[in-house]
Amino acid sequence: MINDPRGTGVEANCVECPIGGGALIGILTLRDVREGEELLMDYGERYWQARSQTDVETKSRDCACGV
């Protein structure tokens, strides 16, 4: 998972890079990333605008996959 840094006070450290016309997406880091550091990517204003127009409430769930 790659989160958006909005509201964290931290800048994005990676970007998406479409490959083969967008059939694949590569993730490129903008700088060296330390071990254990979270990957963050700017989702863009369209994402947040669309999300604010939905009535869907999201809740965090514990992973039941045993990882």
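These exercises work through contacts, charges and rings in one predicted protein model.

The model is predicted, so local features need pLDDT of at least 70 and side-chain atom pairs count only at pLDDT 80 or more, while totals for chains, interfaces and linings use all residues. Residues are numbered from 1 along each chain as its sequence is written, and side-chain values use heavy atoms, with hydrogens and water left out.

**Exercise 1. Overall layout**

Task: State which secondary structure elements the protein has and what share of its residues is buried.

Solution: 
- Step 1. Assign helices (H or I, at least four residues) and strands (E, at least two) as DSSP runs, numbered from the N terminus.
- Step 2. Along the sequence the pattern reads β-β-α.
- Step 3. Classify by relative accessible area: buried is under 20%, exposed is over 50%, partly exposed lies in between (1.4 Å probe, protein chains only). Of the 67 residues, 12% are buried.
- Step 4. Take the accessible area by the Shrake-Rupley method with a 1.4 Å probe; for residues, only the protein chains shown count as cover. The protein exposes about 6,100 Å², and carbon and sulfur atoms supply 50% of that.
- Step 5. Take contacts (heavy atoms within 4.5 Å). Among those with a separation of 6 or more, 51% join residues 24 or more positions apart.

**Exercise 2. Asn3 and its partners**

Task: Find which residues Asn3 touches beyond its sequence neighbours.

Solution: 
- Step 1. Locate Asn3: the segment before strand 1. Its relative accessibility is 33%, so Asn3 is partly exposed.
- Step 2. Leave out neighbours within four places in sequence. Asn3 then contacts Glu38, Leu39, Leu40, Met41 and Tyr43.
- Step 3. The C-alpha atoms of Asn3 and Leu40 are 5.0 Å apart, although 37 residues separate the two along the chain.
- Step 4. Look for polar contacts: N or O atom pairs within 3.5 Å, where within protein one atom must be able to donate a hydrogen and the other to accept it, and residues adjacent in sequence count only if both atoms are side-chain atoms. The side chains of Asn3 and Glu38 make one at 2.5 Å.

**Exercise 3. Salt bridges**

Task: Work out how many salt bridges the structure holds and which side chains form them.

Solution: 
- Step 1. The total is three.
- Step 2. Arg6 pairs with Glu45 at 2.6 Å, N to O. This pair links distant parts of the chain, 39 residues apart: Arg6 precedes strand 1, and Glu45 is in helix 1 (residues 45-52). Arg6 is partly exposed at 46%.
- Step 3. Glu37 bridges to Arg31, with the closest N and O atoms 2.5 Å apart. Glu37 also bridges to Arg34, at 3.9 Å.
- Step 4. Join them up. Arg31, Arg34 and Glu37 form a salt-bridge network.
- Step 5. Arg31 is partly exposed at 38%, whereas Arg34 is exposed at 62%.

**Exercise 4. Aromatic pairs**

Task: Classify the ring pairs of Tyr43 with Tyr47 and with Trp48.

Solution: 
- Step 1. Rings of Phe, Tyr and Trp (its six-membered ring) pair if their centres lie within 6.5 Å; planes under 30 degrees apart are stacked, over 60 edge-to-face, the rest tilted.
- Step 2. Tyr43 and Trp48 are stacked, at 6.0 Å centre to centre and 10° between planes.
- Step 3. Tyr43, Tyr47 and Trp48 make up one aromatic cluster.
- Step 4. Tyr43 is partly exposed at 31%, Tyr47 is partly exposed at 35%, and Trp48 is partly exposed at 24%.

Note on methods: A salt bridge is a side-chain nitrogen of Lys or Arg within 4 Å of a carboxyl oxygen of Asp or Glu.
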